[in-house]
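Student: I have a model open and would like to talk it through with you. Could we take it piece by piece?

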Amino acid sequence: MHDFVQSALLPGLSEGAIYGLIAVAFAVLFTTTGVINFAHGQMVMLMPMTILVAVGAGLPVWIAYVLALVVMIGVGLLQEWAAVRPFMQSGHSASWILSTLGVSVVLAELLAIPYAGESKNFTHGISAERIEVFGFTTSPANVATAIALLAVSAALMFFYRKTKPGLEIRAMAEDVDGAEAIGISRARASQTAMTLSILVAAVTGILVASTQLVTPSLGLTYTFYGFVATAMGGMGSVAGALVGGLVVGVVSQSAAVYFDGLFVNLVVFGLLLVVYVVRPHGLFGRATVREV
Amino acid sequence: MAFELPEFTRRWRPAYEAARSTAASGYASLPQPVRNVAASPLAQSVLLLVVGLLFLISSGPSSYNGYVLQLIAVYLVATLGLNITTGYAGALSLGQGAAFAIGAYVTGVLAGAHGWPMWAALPVSLIGGMVVGAAIGLPAGRLGIIGLAMVSLGMVLVVNDMIVQFRTVTGGNDGIAGIDPLNGFGSTVVQSEWFVPTAILLVAAAAYWLHARYRLSGFGRATAAVRDEPIGASALAIRGYLTKVSAFAVGSGLGALSGGLFAYLSAYIAPDAFSPNLSILFLVMVILGGAGSRLGPVVGTVILVLVPLQLDEYPHVNVIVYGLLLILLMRLRPKGILSRTSAPAPHGVDEIATATEYTAPARTVGSLVLEISDLRKSFGGVHALGGVSLQLRTGEVLGLIGPNGSGKTTLLNVMCGHYTPSDGRIELRGTEIGGHSPASIAAHGLARTFQTPKTFDGMSVEEHLALALDRHDGDPTRIQACRSGALRLLELGGLDPRDTHVRTREGGTLSHGQLRFLEIATALASGPSVLLLDEPAAGLSATEIDGLEAVVSDVAAAGVATIIVEHHLDMVSRLVDRIVVLDLGKVLWEGPPDKLHDDDAVRAAYMGVS
Amino acid sequence: MTIDLVVENLSVHYGGVRAVSDLSVTVHAGTCTALLGANGAGKTSALRGIGGLTKASGRVTLAGERLDHLPASGRAGAGLGHVLEGRHVFPGLTVAENIEVARRRARHELKADPLELLPELRPHLDRPAGGLSGGQQQMLAIARAVAGGPQAVMLDEPTNGLSPKLVNRTIDIIADLRDAGFAVLLVEQRLEVAQALEADVLVLRHGATKHRGFGTDADLPDLLHSMYLS
């Protein structure tokens with residue numbers, strides 16, 4: 001039992017928190033714009049990669065962080081303008097799936113230029129040294145992922161319920177025409193949602209880099225895992241994203257421990273199929289009645 | 001706020017549009033036999049083959065140009081396959097790269113490691129791809145576009161892992177070398193350098209033929225109909241499920257076949273050649289040429305193999321260009337990825353256009369054809385139908401009226417199979433149909449039109465009629481009357497089926513009024529026993545309504561039983577034999593039209609409100 | 001400067017169909033104008049075109065400021081209030097939140113407090129808007145439009161589906177708006193509403209303006225009757 005907790009459960013929860021963060025970011029963007037950003041996983045990679053490039057060019061770490069944040073938001077808003085806003089709540093899913101995929105491809109290729117797709121060690125994040133907690137070995141970085149997930153979710157809840165911009169994007173999410181008719185601009189709502197989503201991606205990126213090697217080509221894989229978490233928890237539900245992420249994390253970590261590492265994707269894929277067969281709208285989602 | 005092309009292109013727009021429509025109408029003006037030949041899959045594929053061979057002969061099979069030609073042909077097969085899945089069936093699949101990889105490895109292992117000849121290895125790849133495709137296609141119906149995209153993405157990631165994992169079979173990261181065409185099982189390598197290139201061109205031409213033939217077949221039409229408007233398709237007795245599974249199977253099969261050809265072309269395969277980027281490349285090829293069209297994949301593949309080759313010297317630029325191109329294409333096509341998706345279907349229209357005039361005898365009411373007994377339907381706590389009983393006989397025209405929220409549309413939807421009854425029975429021609437699927441009920445002879453016409457935007461007028469004619473049965477007199485009626489309705493709507501310019505117009509270019517007439521004509525063309533018209537007169541002029549009334553009356557005389565749901569009381573009173581008034585989910589009153597205004601309850605419930 | 005809503009040569013196309021042709025109307029501050037017509041006459045398309053929710057050609061001016069180059073949200077910000085057909089309240093937000101999210105600083109002296117205008121909403125402030133009845137949602141939609149500090153208010157079939165008692169209440173509220181100085185543009189199927197408000201009337205048919213007059217004109221009922229039935 002101790003082995004299971006040590007080698008599968010704890011690391012799984014820590015990894016799962018990362019997938020949960022990706023799923024939360026999906027939920028933020030999806031509820032307002034109806035778009036799932038296929039390039040999100042790549043954006044997660046962009047944060048630590050930019051820091052590495054900046055530090056490699058000689059900049060002090062804290063400036064590298066600021067620069068990376070600016071780049072993230074800049075790229076995010078550009079992406080929002082080019083690949084998200086034109087298809088906002090349009091009902092043509094194929095269009096935004098393909099355009100955000102296009103962004104993912106471009107970003108992945110750009111990130112491959114500085115380091116030719118090799119994995120890099122990231123030493124500028126949260127410490128990865130071993131510490132003992134309640135008889136189990138873990139690291140500050142691992143603990144930070146769980147804390148980050150809870151903190152981000154709480155911050156989002158506060159934002160949505162207690163601030164005017166949060167109220168506005170909730171309104172836009174419920175009824176686009178109604179929101180526009182009272183002066184809430186689509187562009188502003190979409191940009192706000194995207195910025196929030198990018199900020200979550202930035203946090204996620206630092207956590208990923210602190211807990212494992214940075215592999216820039218894994219962008220789509222992270223997108224996929226985040227989506228499986230979303231499918232489990234229900235589209236657009238922050239609580240669902242949390243639960244879904246943790247489940248995916250534990251399942252994938254268990255697969256890595258008890259089977260060969262190369263079977264992990266297969267197991268997670270299988271998990272997605274199971275979700276679709278058993279409960280297509282996720283744990284917290286709602287089935288809709290078809291209109292004719 | 002759609003993306004707008006830069007100012008300077010606007011000057012060329014009119015010229016471009018003029019050129020395009022001249023070409024289109026020039027094509028439409030050619031005599032039918034010439035158009036038939038030009039559009040024939042056999043002619044087109046033979047033409048492609050001949051062009052390819054000429055090119056091959058002039059540049060030489062082992063030259064650089066020869067290699068490029070073969071690469072185009074190889075990728076074309078995969079693009080054709082993806083066009084069937086994503087273009088014809090409208091199912092966005094990110095997994096064509098995975099099918100390609102599977103096919104490459106199956107052929108690589110069989111031919112490279114186990115000495116199979118080409119004519120044995122390639123078919124196994126094809127079948128392997130089809131099996132995988134069918135497996136993805138089976139749950140595809142439940143998944144929705146996003147789910148399907150993610151599942152196919154997952155497939156790509158998994159296939160990559162599996163290739164590396166089973167390294168004893170696949171050679172892992174080292175790959176498989178020495179994939180050469182053999183003279184027989186475990187035999188010597190074929191000496192001629194023409195063998196592989198010619199084989200590739202032949203297979204590509206055959207794949208083109210299959211792909212074009214698929215679209216022109218009744219099954220292909222059904223596939224396109226389900227893509228454009230699944231509810232309208234089910235109203236024409238088309239079952240969507242099989243069309244989607246088939247599209248996946250064939251599409252992935254061709255993808256795998258393409259991978260097998262690639263294995264022979266490069267004689268060596270390794271996992272890093274097969275990444276999600278390959279799936280995206282195939283998607284861009286399909287979309288660039290116009291997803292859903294027949295020639296589109298050829299255009300897309302040629303452009304996307306030739307152009308980036310110029311950029312080959314700069315690593316990474318290729319892929320960045322694909323990505324940017326994909327974003328740009330989506331911005332330029334805000335209505336989705338399909339384009340020029342209609343296909344010819346002349347035979348159907350010919351039958352309608354030559355329909356002989358039907359002289360209607362006097363109208364008589366015959367035997368019971370539809371019986372509804374105590375039908376109830378609840379949604380959660382809402383009782384939409386609280387026990388409706390209704391009888392309809394052949395040759396009868398029944399008007400169904402009632403205020404908003406009375407349950408008229410719910411009743412129609414339950415009759416047609418979109419909702420399952422909570423209680424009660426519906427019998428059509430003696431068979432219980434309550435709870436059956438819409439397609440199955442339509443197949444029993446029930447045709448329906450909708451408040452908003454459920455026609456097919458990407459299909460031509462002649463294809464609509466062909467869809468209806470693909471399935472028909474029953475009494476010849478009734479069918480003759482229906483066809484004649486359909487012809488008159490088309491003419492009323494300004495859609496003369498004898499005019500080739502009209503026949504080939506896509507549903508998406510027609511006006512609302514024209515679509516309404518097209519929808520009713522299509523419903524009639526299938527020769528139904530029972531016709532349900534849902535607010536057919538909305539938005540029509542007085543002359544158009546008169547024409548519609550005459551047609552309904554005539555086909556009723558031939559035995560078609562009709563229910564019309566309408567607000568337009570004048571039309572209803574002139575045409576129907578009987579009126580049923582619904583209110584709050586129950587039958588409030590039933591009787592002949594001239595007695596309608598006498599009843600106090602009806603006046604209060606229905607006409608008091610506007 | 002009077003706060004007039006001026007519409008000139010408005011045309012709206014919907015995929016090949018001309019929903020509205022060449023509509024011109026001026027709504028003066030403190031008056032009410034009604035667009036009447038049967039289903040499909042183009043009334044809602046006209047309002048959506050003026051409001052910016054649907055693409056339209058022509059000029060729209062409010063208090064001297066051109067609106068037609070602005071998106072819908074910009075027009076609302078410039079003072080054009082729009083109560084949509086079917087209300088479109090935000091079902092997951094409470095009544096108070098619905099009103100709060102619409103609040104904007106008014107740019108001028110015209111003021112109407114949503115809760116003073118519609119006191120019947122006060123007991124329901126903390127209820128999710130999705131749980132309200134149709135009539136209450138209609139009230140909320142009007143309150144929401146007013147909360148934005150508009151200069152002109154457009155209402156699309158506000159009495160649709162309401163009981164006679166609520167229809168009268170709605171007419172009273174619209175009269176209050178008019179009397180407070182707003183320019184009110186109304187779309188309706190029912191003549192009684194235009195009559196009760198003594199509104200200027202335009203009758204639309206297949207997108208074209210067929211008649212101009214007053215709600216109190218004696219020949220209007222027959223004119224509408226013949227138009228609706230043909």
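Student: How far apart do the C-alpha centres of domain 1 of chain B and domain 2 of chain B lie?
Tutor: Bearing in mind that this is a predicted model, the C-alpha centres of domain 1 and domain 2 of chain B are 44 Å apart. The domain assignment of chain B places domain 1 at 36-275 and domain 2 at 368-607.

Student: And how many residues of domain 1 of chain B are in contact with domain 2 of chain B?
Tutor: On the domain 1 side of chain B there are 14 residues, and they are in contact with 19 residues of domain 2 of chain B. Helix 9 (218-228) and helix 10 (230-235) of chain B are the elements that give two or more residues to that side of domain 1, and the largest share, five residues, belongs to helix 9 of chain B.

Student: What classes do the residues on that side of domain 1 of chain B divide into?
Tutor: The side of domain 1 of chain B that touches domain 2 of chain B has seven nonpolar, three polar and four charged residues.

Student: Switching to the contact between chains, how many residues does it take from chain A and from chain B?
Tutor: Chain A gives 34 residues to the contact and chain B gives 40 residues. On the chain A side, at least two residues each come from helix 3 (61-84), helix 4 (93-115), helix 9 (219-233) and helix 11 (264-278) of chain A.

Student: Which helix of chain A gives the largest share of the side that touches chain B?
Tutor: That is helix 4 of chain A, with 15 residues. By class, the side of chain A that touches chain B comprises 25 nonpolar, seven polar and two charged residues.

Student: While we're in chain A, is A:Leu199 buried or partly exposed?
Tutor: A:Leu199 counts as partly exposed because it has 18 C-beta neighbours inside 10 Å, whereas a buried residue would need 20 or more. A:Leu199 belongs to helix 8 (residues 186-211) of chain A, and its C-alpha atom is separated by 9.8 Å from that of A:Val152, which is 47 residues apart from it along the chain.

Student: Last one, chain C: what radius of gyration does it have, and what would a compact globule have?
Tutor: Chain C has 17 Å, which agrees with the value near 17 Å for a compact globule with 230 residues. Its C-alpha trace spans about 45 × 40 × 35 Å along the principal axes, and 48% of the 230 residues of chain C count as buried.

Student: How many helices and strands does chain C have?
Tutor: There are eight helices and 10 strands in chain C. Among contacts in chain C between residues at least 6 apart in sequence, 68% join residues at least 24 apart.

Technical notes. Residues are numbered from 1 along each chain as its sequence is written. Chains are lettered from A and ligands numbered from 1 in the order in which they are written. This is a predicted model: local features need pLDDT of at least 70, side-chain atom pairs count only at pLDDT 80 or more; totals for chains, interfaces and linings use all residues. Two residues are in contact if their C-beta atoms, placed from the backbone, lie within 7 Å. Helices (H or I, at least four residues) and strands (E, at least two) are DSSP runs, numbered from the N terminus. Ala, Val, Leu, Ile, Met, Phe, Trp, Tyr, Cys and Pro count as nonpolar, Asp, Glu, Lys and Arg as charged, and the others, Gly among them, as polar. The radius of gyration is taken over C-alpha atoms; the globule rule is 2.2 Å times the number of residues to the power 0.38. A residue is buried if 20 or more other C-beta atoms lie within 10 Å of its own, exposed if 12 or fewer, and partly exposed in between; C-beta atoms are placed from the backbone. Domain bounds come from an automatic or database domain assignment.
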